[in-house]
Each structure stands twice: as C-alpha cells, then as structure tokens.
Amino acid sequence: MPEVICLGIMVADLVGRPVRSFPEKGKLALVDAMELHTGGCAVNTGRALSRLGVKTGVIGKVGADALGDFIIKELERGGIDTGGIRRAAGVNTSATMVMVSEDGERSFIHYIGANATLRPEDINWDLVKGARLLHLAGSLVMPGFDGEPAAAVLKRAQEMGCLTSIDTAWDATGRWRELIDPCLPYTDVFLPSLDEARMLSGYEEPAAIAASFLQRGVKIVGIKMGAAGSFVASAGESFLMPPFKVEAVDATGAGDAFVAGFLAGLVRGLDLKATARLANAVGALAVTAVGASSGIRSWEETQGFITANCNNTN
C-alpha cells in the first residue's frame with residue numbers, strides 16, 4: 001500500500017526551450033528542443049516521492065485520450081499506484097505549453113481540462129485509508145474541489161489517521177482566502193510558495209506569514225522561496241533554510257520537487273531542519289534537467305548531494 005497519496009492536478013507538459021522571443025502573429029520562432037513530459041502537482045510530487053523511495057499513489061482525473069494514456073503509463077513505469085485515477089467523460093486531459101527562457105524561467109499556456117471535473121466523490125478511500133499521509137496537490141486550481149469540499153476531504157483523512165498536507169497554486173480567480181481558509185484547520189503541513197503565501201496571509205515577511213498560518217490551525221509551514229531557499233516554522237521552532245547552488249536548466253516542477261522532499265523527510269522521520277534541507281536539495285536537483293521530474297535522484301543520491309554540497313549554499 002502507498003505511504004503517501006498525492007491527490008490533485010494531473011497535466012501533460014509540452015516543454016519548448018529556449019524561447020528567446022515570442023513570434024508575431026502568423027510568424028514562426030524556433031527552439032532547440034521540444035519534449036513531452038508529465039506535469040501537474042500531483043504527478044510531479046508523486047513521481048519525485050517514488051524516486052526518493054517512498055511508496056506513492058496518485059488520485060486525480062485525466063481524459064479518455066492519448067495524453068491521459070501517456071500520464072498513466074509514465075506513473076506506472078515509475079512504480080506509482082494509479083488505481084485512484086479516473087477518466088473524465090467529454091473532456092480532454094489537462095495540458096500546458098511550457099516556454100522556458102534562456103535563464104530557465106518559464107511562461108505557460110494552460111488548458112484546465114479534466115482537472116476541472118475532479119470531485120470528492122472521485123476519491124478511492126480504500127487507497128487512502130492505508131496511507132500515512134494525504135497530500136492535496138494543486139489547491140486553488142480545482143474549481144470542483146477547492147474550498148469546503150477540500151476541507152471535508154482533509155477532515156475525513158485526519159479522522160482516518162492520515163497526516164494531511166497542501167501545496168497551493170496561483171489563484172487567477174482572486175478567491176484566495178475564501179478557498180483556503182476552510183482547509184487550514186485540517187492541514188498538518190502547509191507548503192505554499194512565497195508569492196502565494198503573501199496572497200493567502202496578507203503579510204509580506206516569511207515569519208509573519210508562517211505565524212498567521214500556524215494561528216489558523218496548521219501544524220508545520222514550509223514556504224518555498226526559490227533562490228532564497230525556504231522558511232519553515234512550527235509551534236516550537238522557525239528558521240530560514242538556505243538554498244543549494246546549482247546551474248539551472250529548467251525550473252519546471254521545482255516547487256513540486258521541494259514538496260516531495262519535505263514529505264519524504266517527514267515520513268522517513270527526519271527532524272524539521274533535516275527535512276527542510278532535504279526539500280531544498282530535491283528542489284535544487286529538479287532544476288538541473290529539463291522537465292518536472294527528470295532531475296530527481298534516488299534517496300541515496302540525494303543524500304550524497306547534500307553531503308557533498310553542505311557548504312555550497314548561499
């Protein structure tokens with residue numbers, strides 16, 4: 001049985017790089033490489049967890065199409081339990097065109113597709129009840145799931161004995177706190193990016209942001225800060241964990257990789273500082289290769305990277 005269940009968005013990513021300029025209407029621009037990868041928070045985090053040696057399952061929805069077949073096949077090839085994935089009728093698999101600039105930064109064009117049809121009733125609770133942790137991956141971009149429905153799911157998971165965690169995405173609808181506030185009392189681990197955390201808290205500085213989430217019921221907060229590392233807080237401690245220095249090729253999925261490292265540290269029983277260091281390392285390794293999952297290493301390789309680069313931080 002899986003130790004961690006990643007519940008949330010599933011996406012096929014078509015990645016082009018480097019995109020030096022956007023063509024005028026009716027014109028053509030060339031890139032050096034274009035590749036099809038799995039994407040979406042649930043998929044990215046699930047694949048990274050599996051590579052780190054954590055038994056993982058994914059719950060979500062794809063279309064009855066070739067991209068859905070591709071995502072499921074890639075997950076199964078990675079040893080991930082796909083028994084919780086449902087096929088959506090009348091809608092295609094969610095997909096994103098990812099345009100990677102020469103410095104590794106990304107721009108996106110996204111089709112929400114099957115992710116919009118995910119509902120609490122799609123959850124395979126038999127898969128969840130044997131897990132140690134249920135991770136909600138991609139909160140705020142699942143219109144049929146966010147808000148009170150998600151809160152009810154997290155509450156039920158806690159009542160079944162699971163730890164719960166949330167990773168947010170950017171809310172283009174502007175509903176931020178309306179959607180996340182019902183969930184926080186049932187969230188053990190909250191892992192937003194700094195920009196998302198600012199929108200969700202109303203504060204600017206990481207310490208104040210984290211304190212606001214702890215006051216609203218979260219047990220552990222891990223704020224992803226990109227090149228600045230991460231800020232982690234619980235009731236007993238708070239600290240800034242510096243980043244590892246690497247050469248960035250593609251930042252796609254780096255946040256999901258950080259989340260996977262954080263969850264892997266928790267289920268492996270690491271203390272909070274070791275967990276944050278692991279999360280930063282997994283996130284750093286993710287940006288060294290094209291695609292959301294290509295740069296993820298095994299647990300042993302990642303620990304070797306941490307040991308070799310313990311002084312290679314900002």
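Biologist: Let's start in the sheet: which residue in β9 is the bridge partner of S139?

Modeller: Quick ground rules: this is a predicted model, where local features need pLDDT of at least 70, side-chain atom pairs count only at pLDDT 80 or more, and totals for chains, interfaces and linings use all residues. Residues are numbered from 1 along each chain as its sequence is written, and side-chain values use heavy atoms, with hydrogens and water left out. Strands (E, at least two residues) and helices (H or I, at least four) are DSSP runs numbered from the N terminus, and two strands pair if DSSP finds at least two bridges between them. β8 and β9 run parallel, joined by six bridges, and the β9 partner of S139 is T168.

Biologist: How many of the residues of β8 are buried?

Modeller: Buried means under 20% relative accessible area, with exposed over 50% and partly exposed in between (1.4 Å probe, protein chains only). β8 is largely enclosed by the rest of the structure, because the number of its residues that are buried is seven of the seven.

Biologist: On the β1 side, which β8 residue is the bridge partner of C6?

Modeller: Strand β1 (residues 4-8) pairs with β8 over five bridges in the parallel sense. V4 stands opposite L133. For C6, the partner in β8 is H135.

Biologist: Which strands stand at the edges of the nine-strand sheet?

Modeller: The sheet is open, has mixed pairing, and goes in the order β5-β4-β1-β8-β9-β10-β11-β12-β13. An edge strand here has a single partner, so one side of it is left without a neighbour in the sheet; that describes β5 (81-88) and β13 (238-241).

Biologist: What is the relative accessible area of S165?

Modeller: S165 is in strand β9 (residues 163-168). Its contacts (heavy atoms within 4.5 Å), not counting residues up to four places away in sequence, are L133, L134, H135, L136, T187, V189 and L263. S165 counts as buried, because its relative accessible area is 0%.

Biologist: Over to β2: which residue in β6 does D13 stand opposite?

Modeller: Strand β2 (residues 11-17) is largely enclosed by the rest of the structure, since five of its seven residues are buried. Seven bridges join β2 to the antiparallel β3 (residues 33-39), with L14 partnered by L36. β2 also pairs in the parallel sense, over five bridges, with β6 (residues 95-100). There, D13 stands opposite T96.

Biologist: What is omega for the peptide bond that joins R17 and P18?

Modeller: Most peptide bonds are trans. P18 sits in the loop between β2 and β3. The bond from R17 to P18 is cis, with an omega of about -15°.

Biologist: And what is the phi of L140?

Modeller: L140 is in the loop between β8 (133-139) and α4 (148-159), and it counts as buried because its relative accessibility is 5%. Most residues other than glycine have a negative phi. L140 has a positive one, near 95°.

Biologist: How many residues are in the largest nonpolar core?

Modeller: Such a core is a set of buried Ala, Val, Leu, Ile, Met, Phe, Trp, Tyr and Cys residues joined through side-chain atoms within 4.5 Å. Those with the most contacts inside the largest one are L7, F145, F213, I223 and F262. Leaving aside neighbours within four places in sequence, F145 has contacts that include L7, L118, I123 and V153. The core's residue count is 89.

Biologist: Which elements give two or more residues to the lining of the second largest pocket?

Modeller: A pocket, on a 1 Å grid over the protein atoms alone, is an open set of points where a 1.4 Å probe fits, with protein on both sides within 12 Å along at least five of seven lines; lining residues have an atom within 4 Å of a point. Of its 15 lining residues, the closest to the centre are V19, V31, M34, M97 and M99. The elements that give two or more residues are β2 and β6.
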